[in-house]
Amino acid sequence: MNYLRLAPVLILAAASALAQAPATPPAGPAKPDAAKPTAVDNSKPTPKPAIHSFDLAAIDKTVDPCTDFYQYACGNWLKNNPVPADQVMWARSFSQVDERNRYLLWEELDAAARNPQSPLQKQYGDFFGACMNTDLVEQKGLKPLEPAFQRIAGLKNAQEVAALASELEGEGSPMPLFDFDVEQDEKDSSKQIATVSQAGLSLPDRDYYLVDNPHLKEIRRQYVEHVTKMLTLAGDSPEQAAKEAAAVMEIETALAKASMTRTDLRDPEKIYHIYAVADFQKLTPGFDYSLYYKAVKVRPFETLNVQTPDFFKTLNELISTEPVDSWKAYFRWHTLHGLARNLPKAFFDENFAFFGKTLAGQKEPTPRWKQCSRMTDQALGEAVGQDWVKLHFPPAAKNSMDQLVAALEKSLGDDIKTLPWMTEATKKEAEIKLGMIRNKIGYPEKWRDYSGLKVERGDLIGNIERSAVFERNWNLDHLGKPVDEKEWEMTPPTVNAYYNPSMNDINFPAGILQPPFFDFTIDPAVNFGGIGVVIGHEMTHGFDDEGSQYDGHGNLRDWQTPEDRKAFTEKTDCVADEYSGFEAAPAKGDTPAQKLNGRLSLGENTADNGGLRLAYMALEDTLAAQGKSIDAKIDGYTEAQRYFLGFAQVWCENQTDEVARQLALTDPHSPARWRVNGTVRNFDQFGKAFGCAKGQPMLPATSCRVW
Ligand SMILES: [Zn+2]
């Protein structure tokens, strides 16, 4: 899946904990306005205004747009909008719209928790209410974790690791070792097959365990200290906890070594290895998967995709070589860690001190009402979303979006036709793929049924576990069934968008279809610079270094002729090298500044460049049809200039140094500055619009172009 932007919620959670468990909440009565101490804080929700599409005051006119366009378009905004204490980044568009959507969501959840008007409202109101009840969380202490702790304490030998992991997974407790789910077959997208992949880490990436620099060494030291503190809080003696933390670090480091890099995971051929069930079992003889399949109640199957075979070989070795006490420590830690944000204040605070403050630079915890709103959206998104879109997504918005998408499709068609380096045969294939892209706008045509999910007002941890089981059952039930192209991977209030290569579809949740992305009260230039570029970005994903390996049916099949593929790779190499030269995070002490990983971010950068060009073409068409000139001025700026300013101002963003360093290693998207400057410098129309001279930073003598 290719997202427009990394969701902020993903930043603070370990990657391994994300794949399955959709929920991670806290607790308290549905009264965020009742001033009383809670496990987090109880800052009062206040209404958030709509954002203006275009902000002349954000512009810093002391900067030359041809030298640093991002600074020109956003400079004053950046100066006046530091990162709020409860955030790790603050973006003019994404964060503010996100805050506004979350407030509107909270209004709905709070009302449902107090006075539900339907069974659905009762269900999500209770989920939210249980999350807000921090008094009860304190009262229960670690009691909800006792069954898992007892199981873990009963582990006797290496042969029982599989049984233990299977039981934990079966009950919705955190099970870190690997991810197992059902996905479309990469080479036959009409089939849904079982897939297993690497997991098992707590830090955000394998590099955190393996890279030898002073900054990451210090993080590792602090991580071991954090694990020790958490286990001490859970009742282990400091000596025992220190021993356990060392064991956790040893196992996780071994798993990190066996893990593929994020860059390699982007290559679909490298993560496609079909195994017979018996052969997969032979790869890891020390782990009896039949116990696991039984625990998760998956229907029998004959083959599966083992994305990362080397990881499973190492896992097998570790199961027999690591002492049984180390495995106990590992599972005990992950049980605590996976639920830390939903435990009493002492655990919450210690978790925040390391994962929030140290790793991401967040000064204060996210207020409880925000956490619980987000968590309820994650667990019951299509239940909450049904009511949310009725209130906040007018049908007229969908019609306008249909027209915009059609305009962008035409641009990409025109672009393919005129591409100088591509042969006719490949152009034909590209046009076929373009014609097959499915558009999904706003929210699902049919909603998911949550009636099987039991929610109890007084049982936060139970709700989280049952939700994890419910999600897993829902996913595993897809095995062997026909693909349902109407399903969504994002909830309606989400401020993001995505392209799914196996579905060959572009998806725009209602949450992003509002100002400053989308606003038909403003001139088309600003709109095309906003949502137009977003649409173009998602479409281009179908044709980036990864997406281009799939055909229109979503099957991994090279439809380019060998010479076109060679030319294409030269073009994408140019983009990868260009972005590898940009700085992603500042130096820290003895650790030098972090350069962008141009290979990890190649797909996103290609999509950004394509999006900017395609939306500009669509704007030209639209203005021509209206008999208007792109050089006509509004508020002192030509339509062309307003297009680029509208685009840049979508990306105005401050972030903490800590999160910048984290994202440099983990985020496939470039930092905001390069999403703007990296793209405009590759597009001559920008230099023309602002009268730049060839050779200036934003109009370099040579530039890169794929689409
Ligand atoms: Zn993207």
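1. Asn213 caps the N-terminal end of helix H10, with a side-chain oxygen 3.1 Å from the backbone nitrogen of His215. Such a polar contact is a pair of N or O atoms within 3.5 Å; within protein, one must be able to donate a hydrogen and the other to accept it, and residues adjacent in sequence count only if both atoms are side-chain atoms. Helices (H or I, at least four residues) and strands (E, at least two) are DSSP runs, numbered from the N terminus.

2. The model is predicted: local features need pLDDT of at least 70 and side-chain atom pairs count only at pLDDT 80 or more, while totals for chains, interfaces and linings use all residues. Residues are numbered from 1 along each chain as its sequence is written, and side-chain values use heavy atoms, with hydrogens and water left out.

3. Helix H10 covers residues 214-233, and its 20 residues reach 29 Å from the first C-alpha to the last. This is close to the expected 28 Å, the expected span being 1.5 Å times one less than the number of residues. After H10 comes Gly235, whose phi is positive, near 110°.

4. The buried residues of H10 include His215, Leu216, Tyr223, His226 and Leu231. Here buried means under 20% relative accessible area, exposed over 50%, and partly exposed in between (1.4 Å probe, protein chains only). Among the elements that cover these buried residues are helix H11 (238-258), helix H16 (324-339) and helix H26 (657-666), where contact means heavy atoms within 4.5 Å.

5. Helix H16 also holds Thr335, which is buried at 1% relative accessibility. A polar atom of the Thr335 side chain lies 2.8 Å from the backbone oxygen of Phe331. Leaving aside residues up to four places away in sequence, Thr335 touches Leu145, Ala148, Phe149, Ile152 and Pro174.

6. Tyr3 (O), His537 (NE2), His541 (NE2) and Glu604 (OE) coordinate the zinc ion at 2.0 to 2.5 Å. Donors are N, O and S atoms within 2.8 Å of the metal (3.2 Å for Na, K and Ca); water is not among the atoms, so sites may look incomplete. Along the sequence the donor residues are spaced Y-x533-H-x3-H-x62-E.

7. The arrangement around the zinc ion is irregular because its four donor atoms subtend angles of 92 to 137°. Four donors count as tetrahedral if all angles lie between 85 and 135 degrees; four count as square planar and six as octahedral if opposite donors are over 155 degrees apart and all others between 65 and 115; anything else is irregular. His537 and His541 are four residues apart in helix H22 (residues 524-541), so about one helical turn separates them. His537 is buried at 1% relative accessible area, and His541 is buried at 0%.

8. The whole structure contains four disulfides, a disulfide being a pair of cysteine sulfur atoms within 2.5 Å. With bonded cysteines counted along the chain, their pattern is 1-7, 2-6, 3-4, 5-8.

9. One of the disulfides joins Cys66 to Cys692, with an S to S distance of 2.0 Å. Cys66 lies in the loop between helix H2 (15-18) and helix H3 (69-80) and Cys692 in the segment after helix H28 (684-689), so the pair ties together parts 626 residues apart in sequence. Both Cys66 and Cys692 are buried.

10. Cys131 and Cys372 are also joined, S to S 2.1 Å. This pair links helix H5 (residues 119-132) with helix H18 (residues 368-392), 241 residues apart.
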